[in-house]
Amino acid sequence: MTADNAPLPVARPLPRVFSRLAGAARTALPPFAVLCVVVGAWYLVSYALFAPRRRFLLPPPHQVVLDGFLDWATFHEILSALEATAKVAVVGLVIASALGMTFAVLMNQARWVERSFYPWAVLLQTIPILAVVPLIGFWFGYGFWPRTIVCVLIALFPIITNTLFGLRSADTGQHDLFTLRQASRWRRLIWLEFPGALPAVFTGLRISAGLSVIGAIVGDFFFRQGEPGIGRLIDGYTRSLESGPLFAAIIVSALFGFVVFCLFGLAAHLVVGPWYEPGQRR
Amino acid sequence: MKQTKRRAQRQASSPGPAPVGTALSFRGVGKTFPDGTRALREVSFTVRDTEIVAVVGPSGSGKSTLLRIASGLTEASSGSVAVGSAVPGYVFQDPTLLPWRTVEANIGLLAELDGVAKEERRRLVADAIALTGLAGFERHRPKALSGGMRMRVSLARALTMRPSLFLFDEPFGALDEITRERLGDELLRLYTRERFAGLFVTHSAAEAVLLATRVVVLSARPGRVLAQIEVPFDYPRQSGLRFDTEFTRTARAVSEALRESFA
């Protein structure tokens, strides 16, 4: 047995490294190719469609990098605006998560809570947030907390629905097991329903994290007062026709949303990944 | 307040104590569901201590309902149920493991729910692991286990509470033939060692005859007892018994009764 297998440990590691590299390349190459095509098209449009006088409408990528990222004063301005926006988004998400999960648990515990509040949660989701933002400023002012309220409003619903769905995902057999042992509601919630809900909770968090970033930017954009965030910066750059910094600010806020999305994906992978089997809850 | 009321209600409807020597007895048990479906009609039979009774019958004949009534999970609409052990061990068709718990933690779940002290719990879990051949898998999660191994964990979990009565709801029904036979043999060995009472629901006549002291055949819905067939073999039984002519004859008797039940 050992004699037969002896050469294998020497022969195997090399292909394995290659296959891992090949795997990484398979994931990274296609989106990179798309990026190249987009940048190429961008150059083409910028130089072929716009006369030099009007090229500021779509500055070529290197111009964006020069004006937005490599000009320290501008880049610093963008980063500090991002910091203000990020603070609002994170605090908003934390509050929305706490509120949303609490509501979901209450709805799961008592039917009447669900019947009374769920329609309003749906309504909250359907209110055009842009219509409410000015009202929030009108009532609560334009500081940090009113902006946070915008984030909470926009991020709350996915957390409620996903947590509620997750709490109900435990199967009858698992519930029977707890019933046979006369487990209390609390035990059932903490040992069965909540852990079982985690995969869905993370899905909700991922959606809401993105929404919360949007909420922070929208609030900032419409308030136009208080500590400036990235929304105001974008507005300002548009008004002064500074298209390089404008594009840089847009890219930075998009990247921020992307990073937040990935962070929650990673968190889900670490917390739920070791045990979760999609489509087979047993 | 609401909860204590509900619990009191459950207690009132739960099976009463059985006479000495009887692990479980059904007396004229009927069950009609709120939607009007009649699942069981006048079912009467007894499981004596240290006896395994197999229940076979067509799908929908109320086999699982019978187990749920015996465990107190469902209330009988008529008749009475008497149970010897406080809480019977229940092995479901699905392993019903908690996927975030390791094998060890899954096996210890019932003891943990019952508030058994940690040291004692560890001992119970170790015993159950040894009995079910799960040594070496303690730290695995259900995700990493095959269907047969998951079923072993489910069985081990029921074993930790040392119940004198086991309720098996087609525990091997979802498994492939070979795993099914192997687990059947293991259950036989376990029974020979521990001598618990058991009510074993199955679709398979051969499985019923191999494991049970007696086979109860239920009719199509609403299920009632069509026949009770004694199995003329002593324990310990070996898996080779499957090829014995007497075994074949008994299994055929069960199959024929089962075929009648479809009529």
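In this predicted model, the centres of domain 1 and domain 2 of chain A, taken over C-alpha atoms, are separated by 33 Å. The domain assignment of chain A, automatic or from a database, places domain 1 at 2-49 and domain 2 at 59-271. Residues are numbered from 1 along each chain as its sequence is written, and chains are lettered from A and ligands numbered from 1 in the order in which they are written. Because the model is predicted, local features need pLDDT of at least 70 and side-chain atom pairs count only at pLDDT 80 or more, whereas totals for chains, interfaces and linings use all residues.

Between the chains, 17 residues of chain A are in contact with 19 residues of chain B (contact: C-beta atoms, placed from the backbone, within 7 Å). On the side of chain A that touches chain B, helix 9 (172-180) and helix 10 (185-223) each supply at least two residues; helices (H or I, at least four residues) and strands (E, at least two) are DSSP runs numbered from the N terminus. Helix 9 of chain A gives the largest share of that side, seven residues. By residue class, the side comprises nine nonpolar, three polar and five charged residues, where Ala, Val, Leu, Ile, Met, Phe, Trp, Tyr, Cys and Pro count as nonpolar, Asp, Glu, Lys and Arg as charged, and the others, Gly among them, as polar.

Chain B contains an open sheet of four strands in the order 1-5-2-3, with mixed pairing; two strands pair if DSSP finds at least two bridges between them. Strand 1 (16-17) and strand 3 (38-48) of chain B are the edge strands, each pairing on one side only. Strand 1 of chain B pairs with strand 5 (residues 78-83) of chain B in the parallel sense over two bridges. B:Pro17 stands opposite B:Val83 in strand 5 of chain B.

Terms used
Two residues are in contact if their C-beta atoms, placed from the backbone, lie within 7 Å.
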